[in-house]
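Good morning, and thank you for coming.

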Amino acid sequence: MRRIARRAAASALLQLAAIVIGSGTAVATDDYTLPFYDPAVTLSYGVDRDRTVNRQLDWTGQVWNDGLTHYGRVYDQHTGTDYPMALRSEVAAAKDGTVVDLEGGYGTTQFGSFGNFVKVQHTDGRETLYYHLASATDGGISVSIGAKVMAGQRVGRSGCSGLCYGAHLHFELLVWSQAAEAFKLADPMSERRWTTWPGRIPFDAAYVRESNPGTEYIPHGWVITHWVEFRNTGGRVWRSSGGGRAAIATWDPAAHASPFRAVAWPFSWLATYVDQASVSPDGVGRFTFNLYGAPPVGSYRETFNLQSYGVHWFDHGRLGNFYVPIVVTTP
Amino acid sequence: MRAAALLLALACAGCSSPVTRSPPPPSVQGTTLPSGFPVIEGAVPMPLARDDPGLIALWESDRLGSSTYDFYAVALPAAGYRVIGLYPGGEVALIRFQAAGGAVWQIVVHGAADGRAAIEVRLDRP
C-alpha cells in the first residue's frame with residue numbers, strides 16, 4: 001500500500017472545513033504562518049484585544065465582561081497566542097526576518113517572571129516573539145542575534161520557562177506605533193495575518209498522483225522520467241528558486257546519495273525543485289525528475305520526501321510515505 | 001487529541017508526585033468532590049467563596065509553574081477521569097475532564113496571593 005487513503009480523506013475534510021469556516025479561501029501571500037510544524041497543535045488562548053482589566057475581547061470578536069479563563073479563546077490581559085506542545089517541540093519563524101533579541105539562560109521549566117525567548121524583526125516593520133522556550137543548553141535556541149531567518153525556519157524548541165503553567169509556546173505579533181513610539185500588540189488571528197485562514201503550519205503536502213503509480217521498470221543503464229504531484233496544504237508558497245525553494249529529495253535515511261541519481265539532479269540526494277515558478281497554498285505542485293538505472297539488475301525502492309531547501313523537511317508520513325518501487329532490468 | 005496525548009506523554013515529571021487523598025472539601029450546590037479524587041502533595045484545602053457557585057473545590061499550593069498542571073494531566077486519567085481538553089498557558093492552565101455521571105468539570109491552576117498557586121475544581125463553563 002503506497003498511499004494512505006485515510007490521509008487524503010482527512011485532508012479533504014480539513015480543506016472543506018477551512019472553506020466553510022473561513023468565509024474565503026486560502027490567500028496566497030507571503031504573510032505569516034503558524035510558528036510550528038505539527039498541524040495537530042491547537043490554540044489554548046488568544047490575545048485579549050481589550051486592555052481593560054476584567055473585560056476581554058477574544059479573537060472571534062466576543063466580549064467577556066469578566067476576568068475568567070475561557071479555554072480556546074482568551075484570558076484576561078493575555079498578550080499573545082498560546083499553543084500547547086510537548087517540551088522541546090520545534091518552533092518556526094512565522095515569516096522571513098532578522099533575529100534582534102533572545103534569551104536562553106533560564107531552565108527549560110524554570111518558573112519566574114522572565115523566561116527564554118527569541119524575537120525576530122520582519123521587513124514589514126513588525127516583530128514576532130517566541131516565548132517560554134527551552135534553555136539554550138537544552139536546544140531551546142537555534143539562532144543568534146543578527147541572524148537572518150527564513151519563513152518556516154526553526155528558531156528554537158519549546159519549553160515552559162518563565163511565567164508558565166504547562167508546556168506551550170507563547171507567540172506574539174508586535175506592530176510599531178508611530179504615535180506611541182513603541183511596539184504595540186497585534187492579534188494575527190483577528191487581523192487574519194496568516195497566509196491562510198485558519199492558520200496553517202508552514203510546510204505540509206498531500207499526495208495527489210504520479211506518472212506511474214506502480215513499479216518503474218528501468219533497463220540497466222537507461223534513464224526514465226518520473227513525475228509526482230503534491231497539493232500544497234501548508235501556509236507557505238512553494239517556489240522553484242531562491243531560499244527555501246520546494247524540492248524533492250531522498251529520504252530514509254534523509255538526504256542519502258541515491259543510486260538512481262541522474263545527471264540532471266542538482267545533488268546526489270536532491271532530485272529536483274518544483275516544476276512551477278510558484279505554487280500557492282491549495283495549489284498542486286509537480287516534481288519531474290529522471291531516474292537512472294545504474295544499480296545491478298534487481299528490485300529496489302527509492303523513498304523521497306519534500307523539503308523547503310535548506311530550511312525544513314516536510315513530514316514524510318503526511319505525504320503518504322511516498323516512495324517509488326523500481327526494477328532494474330536487463331537492457 | 002494528538003496534542004493532548006503528547007502533553008500527557010510529556011507530563012511524566014508530574015508522575016513522580018505522589019497522589020494524596022485529602023478529605024473532600026465542602027460541596028457546593030449539591031456537587032461533591034468524589035472521595036479519592038487526586039490531590040497534589042502539599043495542597044491545602046481552602047474555603048469556598050459563596051458567590052462562586054460553580055466552584056467545587058479549592059486548594060492552594062506552593063508548587064508554582066508546570067508541576068501542578070503536569071500532575072493533573074497524568075493523575076486524572078490514571079484515576080479514571082477522561083480528559084477532554086488540555087489548555088496550558090502563561091498565567092493559567094485549564095484541564096477539562098469528564099467526571100462521574102458524564103458531567104464535564106475543569107481543573108484550573110493559576111497564581112494566587114502571596115506567591116502561591118491556586119487549584120480549582122469547578123463545573124465546566126466556556
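The contact draws 25 residues from chain B and 24 residues from chain A, two residues being in contact if their C-beta atoms, placed from the backbone, lie within 7 Å. On the side of chain B that touches chain A, the elements giving two or more residues are α1 (2-10), α3, β5 (82-87), β6 (92-98) and β7 (104-111) of chain B. The largest share of that side, six residues, is supplied by α1(B). By type, the residues of this side of chain B are 16 nonpolar, five polar and four charged. Here Ala, Val, Leu, Ile, Met, Phe, Trp, Tyr, Cys and Pro count as nonpolar, Asp, Glu, Lys and Arg as charged, and the others, Gly among them, as polar.

A word on conventions. This is a predicted model, in which local features need pLDDT of at least 70 and side-chain atom pairs count only at pLDDT 80 or more, while totals for chains, interfaces and linings use all residues. Residues are numbered from 1 along each chain as its sequence is written, and chains are lettered from A and ligands numbered from 1 in the order in which they are written. Helices (H or I, at least four residues) and strands (E, at least two) are DSSP runs, numbered from the N terminus.

I turn to the sheet of chain B. Its six strands form an open, antiparallel sheet in the order β3-β4-β8-β7-β6-β5, where strands pair if DSSP finds at least two bridges between them. At the edges are β3 (44-45) and β5 of chain B, each pairing on one side only. Strands β4 (residues 55-61) and β8 (residues 117-123) of chain B pair in the antiparallel sense over six bridges, and S61(B) has A117(B) in β8(B) as its bridge partner.

Which strands does α3(B) lie across? They are β4, β5, β6, β7 and β8 of chain B. The helix runs at about 5° to β6(B); axes are lines fitted to C-alpha atoms, for helices over the stretch in contact, and angles run from 0 to 180 degrees between N-to-C directions. In α3(B), 11 of the 13 residues are buried, among them Y69(B), F71(B) and L76(B). A residue is buried if 20 or more other C-beta atoms lie within 10 Å of its own, exposed if 12 or fewer, and partly exposed in between. After α3(B) comes G80(B), with a positive phi near 95°.
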